[in-house]
Amino acid sequence: MTKALGMIETRGLATSIEAADVMLKNSYVQLVQQSMVDAALVTILIEGDVSAVKAAVEAGVELAKRRGALVAFHVIPHPDLGTNHLIRMKAADGYEANKMDNKPKVNKKDAENESNQDEVKE
């Protein structure tokens, strides 16, 4: 069975997290990706059965509207395999970029020197 894809775009990270939480609690759906387009524009992607995704997106839209942060939303009932592939590629690229950016740049020799200096100080 093909899954549906639901998308909500909000202004602000906090509202997007709250909307994602409401969507995941409201229906049996899975979070596919949450990506920040710029400092304030955040897109949330979910997937699941068509009816579950529609209900989840409706709940997330209502919350985002109440917060004044809704930018856009859409549900694709049966996305083409190419669309799914595109989303998976974007999610993997974003994950790798974030993973690499957050790693501290320390070489092994420097780390050993720091640990030896700590022992000498004590």
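Reader: In what order do the four strands form the open sheet?
Author: The four strands of the open sheet pair in the antiparallel sense, where a strand is a DSSP run of E of at least two residues, a helix a run of H or I of at least four, both numbered from the N terminus, and two strands pair if DSSP finds at least two bridges between them. This is a predicted model, in which local features need pLDDT of at least 70 and side-chain atom pairs count only at pLDDT 80 or more, while totals for chains, interfaces and linings use all residues. Residues are numbered from 1 along each chain as its sequence is written, and side-chain values use heavy atoms, with hydrogens and water left out. The order of the strands in the sheet is β2-β3-β1-β4.

Reader: Why is one side of some strands left without a neighbour in the sheet, and which strands are these?
Author: A strand at the edge has a single partner strand, so one side of it is left without a neighbour in the sheet. The two strands that stand at the edges are β2 (29-36) and β4.

Reader: What is the average twist from one strand to the next, and which strands does helix α1 touch?
Author: From one strand to the next, the twist averages 15 degrees, with axes fitted as lines to C-alpha atoms, for helices over the stretch in contact, and angles running from 0 to 180 degrees between N-to-C directions. Helix α1 (residues 13-26) packs on this sheet with its direction at about 170 degrees to that of β2. Taking contact as heavy atoms within 4.5 Å, the strands that helix α1 touches are β1, β2 and β3.

Reader: What angle does the direction of helix α2 make with that of β1?
Author: Helix α2 (residues 50-67) also packs on the sheet, where it touches β1, β2, β3 and β4. Its direction makes with that of β1 an angle of about 5 degrees.

Reader: How many bridges does strand β1 form with β3, and how many with β4?
Author: Strand β1 (residues 4-11) pairs with β3 (residues 41-48) in the antiparallel sense over eight bridges, and in that pairing the partner of Leu 5 is Glu 47. With β4 (residues 70-76), which also runs antiparallel to β1, Met 7 stands opposite His 74. The count for β1 with β3 is eight, and for β1 with β4 it is six.

Reader: How many residues lie between β2 and β3 in their hairpin?
Author: The antiparallel pairing of β2 and β3 runs over seven bridges, with Leu 31 opposite Ile 46 and Met 36 opposite Val 42. The number of residues between the two strands of the hairpin is four.

Reader: Is Thr 10 buried or exposed, and at what relative accessible area?
Author: Thr 10, in strand β1, has contacts beyond its neighbours within four places in sequence, among them Ser 16, Leu 41, Ala 64 and Val 71. Its side chain reaches the backbone oxygen of Gly 12 at 3.5 Å. Because buried is defined as under 20% relative accessible area, with exposed over 50% and partly exposed in between (1.4 Å probe, protein chains only), Thr 10 counts as buried, its relative accessible area being 0%.

Reader: Which residues does Glu 47 touch, not counting residues up to four places away in sequence?
Author: Glu 47 has its place in strand β3 and counts as buried at 13% relative accessibility. The residues that it touches are Lys 3, Ala 4, Val 29, Gln 30, Val 32, Val 53 and Arg 88.

Reader: Which helix gives the largest share of the lining of the largest cavity?
Author: On a 1 Å grid over the protein atoms alone, a cavity is a set of points where a 1.4 Å probe fits but cannot get out, and lining residues have an atom within 4 Å of a point. The structure holds one cavity of 30 Å³ or more, lined by Leu 5, Val 32, Glu 47, Asn 84, Ile 87 and Arg 88. Three of the lining residues come from the helix with the largest share, α3 (residues 81-102).

Notes:
A polar contact is a pair of N or O atoms within 3.5 Å; within protein, one must be able to donate a hydrogen and the other to accept it, and residues adjacent in sequence count only if both atoms are side-chain atoms. On a 1 Å grid over the protein atoms alone, a cavity is a set of points where a 1.4 Å probe fits but cannot get out, and a pocket is an open set with protein on both sides within 12 Å along at least five of seven lines; lining residues have an atom within 4 Å of a point. Grid points are joined across faces, edges and corners, and a volume is the space filled by probe spheres set on the points.
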